[in-house]
Amino acid sequence: MRSLENLLRKNREWAAQKKKDDPEYFAKLQYHQNPEYLWIGCSDSRVDANDIVGLQPGELFVHRNIANVIVPSDLNCVSAIHYAVEQLKVKHIIVCGHYGCGGVKAALDDVELGLAENWLMHIREAHEAHFEEMEAIASYAEKFRRLCEVNVLEQVRNVGRMPVVRKAWKAKRDLTVHGWIYGIEDGLITDLHLKASGEAEATAMKKLDKARFRSRRD
Ligand code: CO
């Protein structure tokens with residue numbers, strides 16, 4: 001119990017500090033949120049979305065799950081994207097994976113994880129979609145890193161296939177999907193240059209990424 005009491009105490013300290021810095025802080029946040037970004041990231045406790053990009057409450061709409069997977073049948077994820085695009089009218093959807101992702105590793109190692117296995121199936125699909133390229137990588141460490149990137153690529157493409165996103169693009173709305181990856185070892189985000197502001201870019205993404213990866217290795 002002591003550790004939970006500790007959390008509540010820390011919360012009171014945090015709220016007091018925020019109010020001290022800006023007496024109107026909570027009053028301003030009370031009635032609306034106005035985020036420009038939807039963040040789709042991993043549930044991993046080391047990847048705190050707001051913290052790593054230096055954003056405050058109200059600035060980032062967040063959806064997190066194991067290994068930042070976007071599945072059309074996942075009502076939770078689809079609703080978050082729908083709400084962010086249609087209601088909050090975000091301008092950017094950022095899919096941010098991370099190196100060293102436990103979910104990606106479990107998919108790569110083919111370990112049994114009970115129910116989570118159904119979820120990891122989607123990463124195995126990403127792996128299969130890039131099978132030749134993955135097989136050509138000899139080092140396990142590099143393969144693992146690459147699958148973390150490939151997973152981001154496939155999830156960015158999945159976002160681009162969402163009806164609500166396609167509808168926004170058809171209406172010429174300013175909406176861009178991005179693929180980033182975070183390094184737990186150095187705290188730095190790498191832009192994977194997986195970017196789509198329309199259907200054509202989303203379609204071309206896989207080819208472009210493959211060419212970029214090849215030139216990076218040569
Ligand atoms: Co992870």
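Which spacing do the donors of the cobalt ion follow along the chain?

1. The model is a predicted one. Along the chain, the donors of the cobalt ion are spaced as C-x55-H-x2-C. The coordinating atoms are SG of Cys42, NE2 of His98 and SG of Cys101, at 2.0 to 2.3 Å.

2. Cys42 belongs to strand 1 (residues 37-42), while Cys101 sits in the loop between strand 3 (92-98) and helix 5, so this pair ties together parts that are 59 residues apart in sequence. With a relative accessible area of 6%, Cys42 is buried. Cys101 is likewise buried, at 1% relative accessibility.

3. Helix 5 (residues 102-109) and helix 8 (residues 140-161) have axes that come within 10 Å and cross at roughly 115°. The crossing of helix 5 with helix 8 is right-handed. Helix 5 contributes Val104, Lys105, Leu108 and Asp109 to the contact, and helix 8 contributes Tyr140, Lys143, Phe144, Leu147, Cys148 and Asn151. Classified by residue type, this contact comprises six nonpolar, one polar and three charged residues.

4. Asp186 is located in the loop that lies between strand 4 (176-182) and strand 5 (189-196). From there, the Asp186 side chain reaches the backbone nitrogen of Leu188 at 3.0 Å. Asp186 has a relative accessible area of 47% and is therefore partly exposed, since exposed requires over 50%.

Key
Residues are numbered from 1 along each chain as its sequence is written. This is a predicted model: local features need pLDDT of at least 70, side-chain atom pairs count only at pLDDT 80 or more; totals for chains, interfaces and linings use all residues. Side-chain values use heavy atoms; hydrogens and water are left out. Axes are lines fitted to C-alpha atoms, for helices over the stretch in contact, and angles run from 0 to 180 degrees between N-to-C directions. Helices (H or I, at least four residues) and strands (E, at least two) are DSSP runs, numbered from the N terminus. A crossing is left-handed if the near helix is turned anticlockwise from the far one by less than a right angle, and right-handed if clockwise. Contact means heavy atoms within 4.5 Å. Ala, Val, Leu, Ile, Met, Phe, Trp, Tyr, Cys and Pro count as nonpolar, Asp, Glu, Lys and Arg as charged, and the others, Gly among them, as polar. Buried means under 20% relative accessible area, exposed over 50%, partly exposed in between (1.4 Å probe, protein chains only). A polar contact is a pair of N or O atoms within 3.5 Å; within protein, one must be able to donate a hydrogen and the other to accept it, and residues adjacent in sequence count only if both atoms are side-chain atoms. Donors are N, O and S atoms within 2.8 Å of the metal (3.2 Å for Na, K and Ca); water is not among the atoms, so sites may look incomplete.
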